[in-house]
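Subject: Structure for you to look at

Hello,

Here is the structure I promised to pass on. Please open it first, then read my notes below.

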Amino acid sequence: MTRPATPTGPAQAPATAPVPAPREPADRPAAARRARSFNSPSPAQTALRYLLLLVVLLLVIGPFLWQLSTSLKGPGEDVYTKHPSFFPQDLTFANYGKVADTIPVWTYAANSLVVAAIAIFGNVVGTTLAGYALAKLRFRGARLVFGLFLATLVLPGEVTIVSQYVTVRSLGLADSLTGVALPGAIAMLNVLLMRTAFAAVPPELDQAALVDGASVWQRLWHIGLPNVRGMLSVIVIFTFIGAWDDFLWPLIVLNDPQKYTLTVGLQYLNGTFSANPRLIAAGTMIAFLPIVVVFGVCQRFFFRGVEEGAVKG
């Protein structure tokens, strides 16, 4: 048996052409650059962003800091000079004491607290019940009621202020703190916020509670409220700020100076023939401090409520 002849030279590998790499689309580098520039901005873009944030910060906080600086300036400093100094040269806290000597500021602050407490209680209770009914209960005319709520948001408050005053006066609540707080006891915008918050609660929880025999009040208390505490804090903060800063409606309803709210009572700091801007600035700071305290206490729940109201995708 003969063996096949084997080649005596070295083995030659068959020549193969190199496989070309797949070519990327022409627009791929540009898209990649755009993605990189968005996720990791260049130094120029970072500087521009911080510059815009600084401008917004100055526009928002600048007037507050200027009022604070004015309230701390002594009587020897001229606040009307062509080039006023931002930092007080004669630092003093006497202006805050003069505010209390000029007007009964603590009485006015207590009146504002009463109005704010009534408004907060009405909004927390009323908007919770209305929002839960619109979001979770099925009844005739639900869409009509919801449409009426939306329609009331179109009208500005000045359009209905005459009818509100006639209603408050017919109820015998004119020149009273209850009459001041009554129109803002239930805000339509807060009802819509609570409806959105309750609608975000998974319906499976309500169905499981129904199977267990839970009533409407039990579902509201044990399922609904624990999931909307963040939105309730948002409503508390907005209601307090609105009731505390309101000026036009208390000015119309109240006649007795002893029942004035703080925003209305501060007008006495502006005299008929002269005005001390230091006292006015100090009174403004006194009116601003409760808002800072309320927001500082509720801020943790406030941002949670903002996240609950966000659109989830």
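**What I found**

Start with Y260, which is buried, at a relative accessible area of 9%. Buried means under 20% relative accessible area, exposed means over 50%, and partly exposed is in between (1.4 Å probe, protein chains only).

Some ground rules come next. This is a predicted model, in which local features need pLDDT of at least 70, side-chain atom pairs count only at pLDDT 80 or more, and totals for chains, interfaces and linings use all residues. Residues are numbered from 1 along each chain as its sequence is written, and side-chain values use heavy atoms, with hydrogens and water left out.

**The overall layout**

The protein chain has 14 helices and zero strands. Both kinds of element are DSSP runs, numbered from the N terminus: helices are H or I with at least four residues, strands are E with at least two. Of the 313 residues in the protein chain, 30% are buried. Now the contacts, meaning heavy atoms within 4.5 Å. Take those in the protein chain with a separation of 6 or more: residues 24 or more positions apart account for 72% of them.

**Aromatic rings**

A pair of aromatic rings is described by the distance of the centres and the angle of the planes. Rings of Phe, Tyr and Trp (its six-membered ring) pair if their centres lie within 6.5 Å; planes under 30 degrees apart are stacked, over 60 edge-to-face, and the rest tilted.

How many aromatic pairs does the structure hold? There are seven. In one of them, Y132 and F198 have ring centres 5.2 Å apart and planes at 85°, so this pair is edge-to-face. The pair links distant parts of the chain, 66 residues apart: Y132 is in helix α4 (residues 105-136) and F198 is in helix α8 (residues 188-199). Y132 is buried at 3% relative accessibility. F198 is buried too, at 0%.

Y260 pairs with Y268, and this pair is stacked: 6.2 Å centre to centre, with 20° between the planes. Y268 is partly exposed, at 41% relative accessibility. Elsewhere, ring pairs link W66, F86 and F87 into a cluster.

The charged end of K73 sits over the ring of W66, 4.9 Å from its centre. R195 lies over the face of F146, 4.2 Å from the ring centre.

T70 lies in helix α2 (residues 43-71). T70 is buried, with a relative accessible area of 6%. Which backbone oxygen does the side chain of T70 reach? That of W66, at 2.8 Å. Leaving aside neighbours within four places in sequence, T70 is in contact with V79, N95, P277, R278 and A281.

N111 lies in helix α4. N111 is buried as well, at 10%. Not counting residues up to four places away in sequence, N111 touches L177, Q258, K259, Y260 and T261.

**The nonpolar cores**

A nonpolar core is a set of buried Ala, Val, Leu, Ile, Met, Phe, Trp, Tyr and Cys residues joined through side-chain atoms within 4.5 Å. The largest one has 32 residues, of which V99, I103, F240, W244 and L262 touch the most other members. Which helix gives the most to this core? Helix α4 does, with seven residues. Leaving aside neighbours within four places in sequence, L262 is in contact with V105, Y108, A109, S112, W244 and A287. Another core lies apart from the largest one; it has 12 residues, among them Y132, M194, L225 and V234.

**A salt bridge**

Side chains of opposite charge can pair when their charged atoms come close. A salt bridge is a side-chain nitrogen of Lys or Arg within 4 Å of a carboxyl oxygen of Asp or Glu. The count here is one. D206 forms a salt bridge with K136, and the closest N and O atoms are 3.6 Å apart. D206 lies in helix α9 (residues 203-211) and K136 in helix α4, so the pair ties together parts that are 70 residues apart in sequence. Both D206 and K136 are buried.

Best wishes

Key: Lys NZ or Arg CZ within 6 Å of the ring centre and 35° of its normal. Polar contact = N/O pair within 3.5 Å; in protein donor to acceptor, adjacent residues only side chain to side chain.
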